[in-house]
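Please consult the sequence and the model shown here while reading.

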Amino acid sequence: MADPKIIHLSDYRLPPYLISDIHLTVDLDDTRTRVKSIIKITRQKGQLHDQNAPLELDGYQLELVSVKINGKLLDAESFEQTSNKLIIKNVPEKFILEIENIINPQDNTALEGLYKSSNTFCTQNEPEGFRAITYYLDRPDVMAQFTTKIIADQSKYPILLSNGNPIGRGELAGGKHWVEWADPFPKPSYLFALVAGDLDYIQDFFKTQSGRTIDLRIFCDKGNKDKCDFAMQSLKKAMKWDEDTFGLEYDLDTYMIVAVDSFNMGAMENKGLNIFNSAYVLADPKTATDDDYVGIEGVIAHEYFHNWTGNRITCRDWFQLTLKEGLTVFRDQQFSADMNSKIVHRINNVNRLKAGQFKEDAGPMSHPIKPSSYIEINNFYTATVYSKGAEVIRMIHTMLGPVGFRDGMDKYFELYDGQAVTTEDFIHAMESANLVDLTQFKNWYHQAGTPEIAVEFSYDEAQQLFKLHVCQTCEKKDFETKKEPYHFPLGFGLMLDDGTEVALLLNKNSRCSKQTLLNKGLLEIKSDHEEFIFNDIPSTPTPSINRNFSAPIKVHAPYSNEQLMTLMSTDTDQYKRFEAGREFSTRLIKTMMQQYHDAIGLTILPEYIKAYGKILTDTNSDLLLKSERLLLPPEGLFHQEQDPINFITTHKAREFLLTGLAKAHKSTLLEMYFELAADNSYSFDSQAVGRRALKNTILGLLVKTGEKSTSDICFDQFKNATNMTDEYFALLHLSNSQSNYTEQALGDFYNKWKHESLVMNKWLEIQSSCTSRNPLFQIKKLMSDPIFDKNVPNAVRALIGRFTVNHIHFNATDGSGYRFISEQVIYYNKTNPQLAAALLESFGSYKKLPPALRKIMGTELAWIENNKKLAKNVYEVLTKIYK
C-alpha cells in the first residue's frame with residue numbers, strides 16, 4: 001500500500017463546524033441495519049475559521065441512502081463521497097442535516113462501530129468507530145447532546161440500551177419494538193453506545209452524598225447472572241470512594257454495565273452505558289481466580305472514574321489520550337490500593353510497568369506519553385500512555401501531597417467541566433491551585449524513553465557526612481532533536497545496619513536544586529547532576545533510593561551484596577525491601593548466565609540462599625507480600641538489557657536458581673505448604689488471598705524439585721480444589737513440569753469446564769505458555785477445537801498472543817514460532833487489524849536478536865511487508881520495527 005497519512009499534533013485546527021444535537025434512529029438488522037441521523041450544525045465564526053470551508057464528515061464502509069439539508073434532498077452533484085469522507089459544499093451558516101445509511105454489523109469482525117457479539121448487538125466507538133455507524137464529525141472536540149431511538153425485533157432483542165436516561169418506548173408492527181434514550185450531557189461521538197440483546201441483568205441502587213438514588217444494572221448473557229455480584233459491589237465501592245476522595249458524585253439517574261465476549265479492549269466508559277469485556281465482569285470462586293477478582297474490581301472502578309476524568313472533561317484531540325487515561329489509571333490504582341494491600345498493589349503496578357512499558361520505551365514502538373504524530377491512533381493505547389502516564393500523575397501527587405493534588409483536581413473541574421481540553425490545561429490547574437511552577441515537569445509529556453540515574457555515594461566518618469551524587473540521563477530517540485533534564489521526586493532515606501533510619505539534614509555545601517520536599521523524604525531532581533551532602537550521620541549508612549518507586553526511572557547504584565541484604569531486612573520502605581531482593585536475585589542470575597556462557601558449573605551464593613530462607617520464615621510479613629518477595633524476576637526483564645538477547649541462557653540460569661532454592665528449602669516449604677493448605681475454605685479478603693497466593697507460590701517451588709512426591713501433592717491439590725485459584729495454579733505447575741499427571745489433569749480440566757469460555761481461555765493460556773516442551777504443535781491443533789473461536793479476541797490472546805511471550809519456544813532456532821505468528825498477522829490484518837498489530841508487536845526485539853534469529857525474523861517481516869493490503873495499524877507497527 002502507499003504510505004498512509006501521518007497525523008501530526010502540530011497540524012491541529014479547531015473544527016470549522018460544531019454540532020449541538022444529534023438524533024439517531026437505528027433500525028437493527030444483522031446485515032442491513034438502517035441508521036437515520038438528524039444533526040444540528042453551526043459554522044464557527046472568526047478569523048481562525050475558513051468561512052468557505054466545506055462540511056467534511058467522517059465515514060467508511062457505509063451504504064449511503066440519502067442526504068438532506070433543512071429537509072431538502074440533495075442530488076449527487078451537491079456532495080462528494082470518498083472511501084472515508086462525505087464532503088458537502090456551500091452549506092448554510094446554521095442548518096439541519098439528515099443522513100440515512102445502511103451498515104452490516106454481522107460482518108464487522110474488526111469490532112469497531114456497531115457489531116454483533118454472539119447474538120447481541122453492541123458498539124465500540126473509541127477512538128474512531130462512530131464513523132463506521134454513520135457520517136459525522138468524528139473527533140473528540142465536537143461535543144453534542146445525543147438522543148437515540150433503537151428499533152428491533154422484540155422477541156430476539158427485548159433489551160434495548162443507549163446513553164443517558166430512557167424517555168420513551170413502544171411497540172411496532174411486525175413484532176418490533178422501540179426504546180428512546182436521551183443523554184443531557186454533551187459528549188463526543190466516541191462515547192456513544194448502543195446495546196440490543198436477550199440479556200439477563202442484576203439490579204441494585206446507590207444513594208449519593210446529596211441523597212439521589214441511582215439505578216445500577218449489570219447486563220450479561222443468560223446463565224451468567226449469578227457471576228455479576230462482585231462487579232456490582234465493586235461499582236458501589238468505587239462510587240463511594242470517588243465521593244469521599246474527590247467529592248465527585250454520579251450525574252445521571254441510571255448507570256449500566258453490559259458484559260460481552262467479543263471485545264478488543266478491557267472495557268469502554270461510554271456515558272452511562274459501559275460495555276465490558278466479560279472477563280472483567282463475570283466471577284465466582286469456582287470459575288475466577290483471585291487475580292481475576294482484583295482485575296474486575298480495578299477495571300470496574302477505572303471505567304466508572306472516567307465519568308468525570310474522560311467524559312465530563314474529555315480530550316481535545318487523540319494526542320491528549322493520556323490526559324484521561326493516565327489520570328484515570330492513577331485514580332483506579334489509588335482506589336485498588338485502598339481496597340487491598342497497598343504495598344502489594346504498588347509492587348504489582350511497578351512490575352507491570354517494568355515488564356511492559358520499560359520494554360516499550362526501549363524498543364521500536366517507543367513514544368512519549370503525549371505523542372506528536374501517529375498513523376493509526378489505535379496503536380497508541382499503550383503501556384506508555386496508560387501506565388507511564390499514571391506514574392507521571394503519581395509524581396505530581398507525590399510532590400503536591402494528597403491535599404494539594406485534591407485542590408488541583410477541584411480547580412481542574414472548576415475550569416474545564418464540560419470541555420475538551422489538553423494536558424497543558426491539566427498542568428495549569430495543578431499550578432494555579434498550588435502556586436507552583438511545573439514547566440520543567442512537562443518534559444515527561446513530550447520526551448520518550450526511560451530516564452536513568454547513576455548514583456555514587458561515600459561516607460566521611462571523621463566529619464559524619466554522607467555524600468550522594470545523582471547523574472540523570474535518557475537516551476535520545478531517532479525522532480527527537482534534543483533531550484532536556486527531567487524534574488522528578490526521588491524517594492530517599494538512609495538506613496543504618498541496626499535498622500535505624502537517620503534524619504536527613506542537608507549541608508549548605510550541597511550542589512543541588514532547591515529542595516522543598518526533604519521533610520517528606522523526597523529529593524527533587526531537576527539537573528543533569530545533583531550533589532547532596534547530609535550532616536550528622538553517626539555511622540556508615542546504606543542509602544535507600546527511589547522509595548515506593550517515586551519516579552518511573554532506572555537506578556544504577558553500586559550496592560554491595562551486604563548492603564542489599566541490609567535493605568532487604570531493615571528498610572522501613574516496604575517497596576525497597578522488595579526491590580532490594582529483586583536486585584540481589586537479578587545480580588545472581590546474571591552471574592550464573594556468565595557461568596553458563598563460560599561452560600563452568602553454575603553455583604548459588606550461600607548468602608543468597610540464607611537471605612531467601614529468612615523471607616520464608618519471616619513471621620511478621622504479610623502473606624501476600626511474602627509471596628511476592630519469593631518470586632524471581634521474569635526472563636523478559638533480563639532481555640531488556642541484553643544485546644543480543646540470549647533466550648536459552650537466561651531461561652537456564654533462572655530455572656537453575658529456582659530449582660536450587662526449592663531443594664535447599666524443601667523441608668521448610670513442605671511444612672509451610674501443609675500448614676497453609678489446612679484451611680481450604682474460600683473467602684475474598686486480604687488474609688485469605690494472601691494465604692492462597694503464598695501456598696501456590698510454594699507449590700510451584702516444590703514442583704521444581706522434580707520429585708514424584710511433590711508432583712503427587714500438586715495433583716492432589718488439583719483434584720480437590722474448591723476454588724479456581726487453587727485449581728488453576730496446580731494445573732499451571734503440572735503443565736510446566738515433567739509430571740506424569742500433566743495430560744490427565746489437562747484432560748480432566750477440559751471435560752469439567754469446556755462449556756465455560758472464560759475458564760477455557762485459562763486452559764488455552766496454560767498450554768500456550770508451557771516451557772517444558774514446545775507447545776506449537778498443540779496450539780495449532782487447539783485452533784480447530786470447538787472451544788477456540790478465532791473471532792473472539794480473548795481466545796486469540798490466550799492461545800496465540802500468550803505464545804509470543806513464551807520466550808524460548810516463540811524464539812525457537814528453526815523459526816517456526818516466527819512463521820506461525822506472521823501467518824496470524826496476515827490473517828487478522830484482514831479481519832481484525834487491532835489484533836494483527838498487537839501480534840506483530842511481538843517482533844519488536846528484531847534488532848536485538850542474535851544474527852541467525854534476526855535473519856529468520858527479517859524474512860517473516862519482509863513477507864508481511866509484501867502483502868499489498870496492510871491495514872494502517874499493521875503498516876505503522878511494521879515500519880517502526882523493520883525500517
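## Helix H3

Helix H3 is mostly covered, with 17 of its 19 residues buried. The model under discussion is a predicted one. From its first C-alpha to its last, H3 reaches 27 Å, close to the 27 Å expected at 1.5 Å a residue.

## Helix H1 and its surroundings

Helix H1 comprises residues 229-246, 18 residues in total. Its reach from first C-alpha to last is 26 Å, close to the 26 Å expected at 1.5 Å a residue. After H1 comes glycine 247, which has a positive phi, near 70°.

The buried residues of H1 include Phe230, Met232, Leu235, Met239, Trp241 and Phe246. Asp242 and Glu243 of H1 are buried as well. The partners against which the buried residues of H1 pack are strands E17 (199-207), E18 (213-221) and E19 (254-260), together with helices H2 (290-305), H3 (321-339) and H5 (383-416).

## The pair H11 and H15

Two packed helices are described by the angle between their axes and the distance between the axes. For helix H11 (residues 623-630) and helix H15 (residues 686-704), the axes come within 7 Å and cross at roughly 25°. Because angles under 35 degrees count as roughly parallel, H11 and H15 are roughly parallel to each other. Their crossing is left-handed.

On the H11 side, the contact is made by Leu623, Leu624, Lys626, Ser627 and Leu630. H15 contributes Gln687, Val689, Gly690, Arg691, Ala693, Leu694 and Thr697. The residues of this contact divide into 6 nonpolar, 4 polar and 2 charged.

Note on methods
Residues numbered from 1 in each chain as written. Predicted model: local features only at pLDDT ≥ 70, side-chain atom pairs only at ≥ 80, totals over all residues. Heavy atoms only, no water. Helix = DSSP H or I, 4+ residues; strand = E, 2+ residues; numbered from the N terminus. Expected span 1.5 Å × (residues − 1). Buried < 20%, exposed > 50% of the residue type's maximum accessible area, 1.4 Å probe, protein only. Contact = heavy atoms within 4.5 Å. Axes fitted to C-alpha atoms, helices over the stretch in contact; angles between N-to-C directions. Parallel < 35°, antiparallel > 145°, perpendicular 65-115°, else oblique. Left-handed = near helix turned anticlockwise from the far one by under 90°. Nonpolar A, V, L, I, M, F, W, Y, C, P; charged D, E, K, R; others polar.
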